[in-house]
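Please look over the sequence and the model shown here.

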Amino acid sequence: MSERSVSRAKQEKRWYTILAPEQFDRQELGETPADEPDQVYDRTIETTLGELTNNASENNTKLTFKVTDVGSDSAYTEFIEHSLTRDYLRSLVRRGASKIEAYVTVLTTDDYRVQIQPVAFTTKKADASQEKAIREQMVAMIEEAAAERTFEELIDSVVEGRLSSGIYGEAKTIYPLRRVEIQKATLEARPEEVAEEEATAVDVDEEDVATDD
């Protein structure tokens, strides 16, 4: 391709401004070029909470969004993942103390399936029964939070630190804690995907019943 053709191809590309979801005030996340609007769908962009809030102290929180809708010159996204940087998590580890993790998959009131990974750091080494009790407490509180919240409300409570603070307040009565964090929260399935999976499961169950007959 000649230089002139390359130049023309660049000129034909349209730039789309990528916007955060409404719960993040539709803030600009960046720009992306594309020949056709369809090419913009499903593109992902990663930023930090600090960049969205203009607060450098929150740069240890990463947020990932995916484009789900495209306008004439804007691309709209949905939340995909919240995670803490490895450096930050490493800074919380102390020798002679316990790091207690859990993995919880929950369904929100509006049928979004989310996996949440809490982590608790104790002041000193806890024994196995104490670690188990703290893990069970974290799981129970996350399941309760999801049962009472929409997807947006649950993610807000994760990003703003309210969920981890609530867990800390309850779990520290089991054994002294130094900190509780939600190290990752990931959107696993949207309501239509959950409904489709449930319908498929019902079909399979019916086939099993028919086979037994």
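**Charge pairs and their surroundings**

Glu 78, Arg 190 and Glu 193 are joined in a network of salt bridges. A salt bridge here is a side-chain nitrogen of Lys or Arg within 4 Å of a carboxyl oxygen of Asp or Glu. Side chains of opposite charge can pair when their charged atoms come close. The model is a predicted one, in which local features need pLDDT of at least 70, side-chain atom pairs count only at pLDDT 80 or more, and totals for chains, interfaces and linings use all residues. Residues are numbered from 1 along each chain as its sequence is written, and side-chain values use heavy atoms, with hydrogens and water left out.

The structure holds 10 salt bridges. One of them pairs Asp 35 with Lys 13, with 3.4 Å between the closest N and O atoms. Asp 35 sits in the loop between strand 2 (28-34) and strand 3 (44-48), and Lys 13 in the loop between helix 1 (3-12) and strand 1 (14-19), so this pair ties together parts that are 22 residues apart in sequence. Helices (H or I, at least four residues) and strands (E, at least two) are DSSP runs, numbered from the N terminus. Asp 35 is partly exposed, with a relative accessible area of 41%, and Lys 13 is partly exposed at 33%. On this scale, buried means under 20% relative accessible area, exposed means over 50%, and partly exposed is in between (1.4 Å probe, protein chains only).

Another salt bridge is formed by Glu 188 and Arg 113, whose closest N and O atoms are 3.3 Å apart. Glu 188 belongs to strand 9 (residues 177-189) and Arg 113 to strand 8 (residues 113-122), so the pair ties together parts that are 75 residues apart in sequence. Both ends are partly exposed: Glu 188 has a relative accessible area of 37%, and Arg 113 has 22%. Strand 9 also contains Arg 179, which is partly exposed, with a relative accessible area of 37%. The C-alpha atoms of Arg 179 and Ile 167 are separated by 9.8 Å, and the two residues are 12 residues apart along the chain.

Lys 99 and Glu 101 form a salt bridge as well, with the closest N and O atoms 4.0 Å apart. Lys 99 is partly exposed at 39% relative accessible area, and Glu 101 is partly exposed at 28%.

Which residues gather in a patch of negative charge on the surface? They are Glu 22, Asp 25, Asp 110, Asp 111, Glu 152, Glu 153 and Glu 198. Patches are made of residues with over 30% relative accessible area and no salt bridge, like charges being joined within 9 Å and nonpolar side chains (Val, Leu, Ile, Met, Phe, Trp, Tyr) within 5 Å. Asp and Glu count as negative and Lys and Arg as positive, while His and the chain ends are not counted.

Asp 25 lies in the loop between strand 1 and strand 2 and is exposed, with a relative accessible area of 60%. Its phi is positive, about 60°, although Asp 25 is not a glycine. Arg 26 is placed in the loop between strand 1 and strand 2, and its phi is also positive, near 50°, in a residue other than glycine. Arg 26 counts as partly exposed, at 36% relative accessibility.

The other member is Glu 153, found in helix 5 (residues 151-159). Glu 153 is partly exposed, with a relative accessible area of 39%. Helix 5 itself is mostly covered, with seven of its nine residues buried. The buried residues of helix 5 are Phe 151, Leu 154, Ile 155, Asp 156, Ser 157, Val 158 and Val 159. Just after helix 5, Gly 161 takes a positive phi of about 85°.

Thr 77 has a relative accessible area of 6% and is buried. Its side chain reaches the backbone oxygen of Leu 19 at 2.7 Å, a polar contact being a pair of N or O atoms within 3.5 Å; within protein, one must be able to donate a hydrogen and the other to accept it, and residues adjacent in sequence count only if both atoms are side-chain atoms.

Conventions: Areas by Shrake-Rupley, 256 points an atom, 1.4 Å probe, with all protein chains shown as cover. Charge placed at Lys NZ, Arg CZ, Asp CG, Glu CD.
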